[in-house]
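Have a look at the model, then read on.

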Amino acid sequence: MTSILKVSEIQDPTNGNSALTVDTSGRILTPARPAFSVYQGTNVSSQDYTDFTKIPFDTEDFDIGNNVTLNSSAVFTAPINGIYHFGCNVMVDSVEASGYLSSTFYIDDAAVLSAPDLSYRYLEDNQGGQYQTAHSSGLIQLTANQTVTPYIRVSVDTSVTLRDGTRFFGYLVG
């Protein structure tokens with residue numbers, strides 16, 4: 001026996017907020033699903049990132065659910081238990097003297113299992129190029145109130161420019 005449920009919207013039972021909508025083409029939208037995108041709006045010149053350092057962000061594209069705090073860096077706080085996808089594109093300039101470029105995600109402001117190599121890390125030996133972009137991404141299971149913060153490290157070179165357009169983004173998968 002086939003059951004058919006024809007609805008265009010599902011709301012939460014307490015406040016009547018739209019939790020799910022279905023348009024006439026069958027596309028499902030979840031307007032309250034946590035998602036965000038933040039970026040660095042200006043170049044940050046001549047910084048020392050030789051130790052793992054929080055990546056500075058100053059501009060928010062969007063923040064569905066108000067889960068990101070911008071305060072000289074970006075910190076995402078999980079509103080509920082779930083699996084989340086995160087990405088970070090870190091663009092740097094003036095890295096000719098560096099040995100390598102690394103970006104990573106810290107959970108609750110600590111490396112995963114106390115090892116940066118296990119923290120959804122991107123690592124590249126840039127061989128003295130002027131421009132580099134590190135792309136970190138990860139599918140991370142979080143419990144409510146755990147945090148995710150992107151970090152950068154550039155070996156040896158103490159005068160790197162973090163380029164405008166560096167981004168950090170993420171969303172709840174389910």
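How many bridges join strand 4 to strand 16, and in which sense do they run? There are five bridges, and the two strands run antiparallel. This is a predicted model, where local features need pLDDT of at least 70, side-chain atom pairs count only at pLDDT 80 or more, and totals for chains, interfaces and linings use all residues. Residues are numbered from 1 along each chain as its sequence is written, and side-chain values use heavy atoms, with hydrogens and water left out.

**The big picture**
- The secondary structure comes to zero helices and 16 strands; helices (H or I, at least four residues) and strands (E, at least two) are DSSP runs, numbered from the N terminus.
- Of the protein's 174 residues, 36% count as buried, where buried means under 20% relative accessible area, exposed over 50%, and partly exposed in between (1.4 Å probe, protein chains only).
- Take the contacts (heavy atoms within 4.5 Å) between residues at least 6 apart in sequence: 72% of them join residues at least 24 apart.

**Strand 4 and its partners**
- Strand 4 is largely enclosed by the rest of the structure, because four of its five residues are buried.
- Facing strand 16, Ala 35 stands opposite Tyr 171.
- Strand 4 also pairs with strand 7 (residues 59–64), in the antiparallel sense over five bridges; two strands pair if DSSP finds at least two bridges between them.
- On that side, Ser 37 has Phe 62 in strand 7 as its bridge partner.

**Strand 14 and its partners**
- Strand 14 (residues 147–154) is mostly covered, with seven of its eight residues buried.
- Seven bridges join strand 14 to strand 11 (residues 101–107), and these two run antiparallel; here Leu 101 has Val 154 as its bridge partner.
- Strand 9 (residues 74–77) is joined to strand 14 by two bridges, again antiparallel, with Thr 77 opposite Thr 147.
- Strand 6 (residues 53–54) pairs with strand 14 in the antiparallel sense over two bridges, and Thr 53 has Ile 152 as its bridge partner.

**Nonpolar core and surface patch**
- In soluble globular proteins, nonpolar side chains tend to be buried together.
- The largest nonpolar core here has 28 residues, and those with the most contacts inside it are Phe 76, Phe 86, Val 90, Leu 142, Ile 152, Leu 162 and Phe 168. Such a core is a set of buried Ala, Val, Leu, Ile, Met, Phe, Trp, Tyr and Cys residues joined through side-chain atoms within 4.5 Å.
- Elements that give two or more residues to this core include strand 4, strand 9, strand 13 (131–142), strand 14 and strand 16 (167–172). The largest share, five residues, comes from strand 10.
- Leaving aside neighbours within four places in sequence, Phe 86 is in contact with residues including Phe 36, Phe 76, Phe 105, Leu 142, Val 148 and Phe 168.
- On the surface, Ile 83, Leu 139, Tyr 171 and Val 173 form a nonpolar patch with about 340 Å² of accessible area together. Patches are made of residues with over 30% relative accessible area and no salt bridge: like charges are joined within 9 Å, nonpolar side chains (Val, Leu, Ile, Met, Phe, Trp, Tyr) within 5 Å.
- Tyr 171, placed in strand 16, counts as partly exposed at 37% relative accessibility.

**Salt bridges**
- The count comes to three salt bridges, each being a side-chain nitrogen of Lys or Arg within 4 Å of a carboxyl oxygen of Asp or Glu.
- Asp 61 forms one with Arg 167, the closest N and O atoms being 2.4 Å apart. Asp 61 lies in strand 7 and Arg 167 in strand 16, so this pair ties together parts that are 106 residues apart in sequence.
- The side chains of Lys 54 and Asp 109 meet in another (3.7 Å, N to O). Lys 54 lies in strand 6 and Asp 109 in the loop between strand 11 and strand 12 (122–124), so that pair ties together parts 55 residues apart in sequence.
- Asp 23 and Arg 27 also meet in a salt bridge (2.7 Å, N to O); Asp 23 is partly exposed at 28% relative accessibility, while Arg 27 is exposed at 53%.

Definitions and conventions. Areas by Shrake-Rupley, 256 points an atom, 1.4 Å probe, with all protein chains shown as cover.
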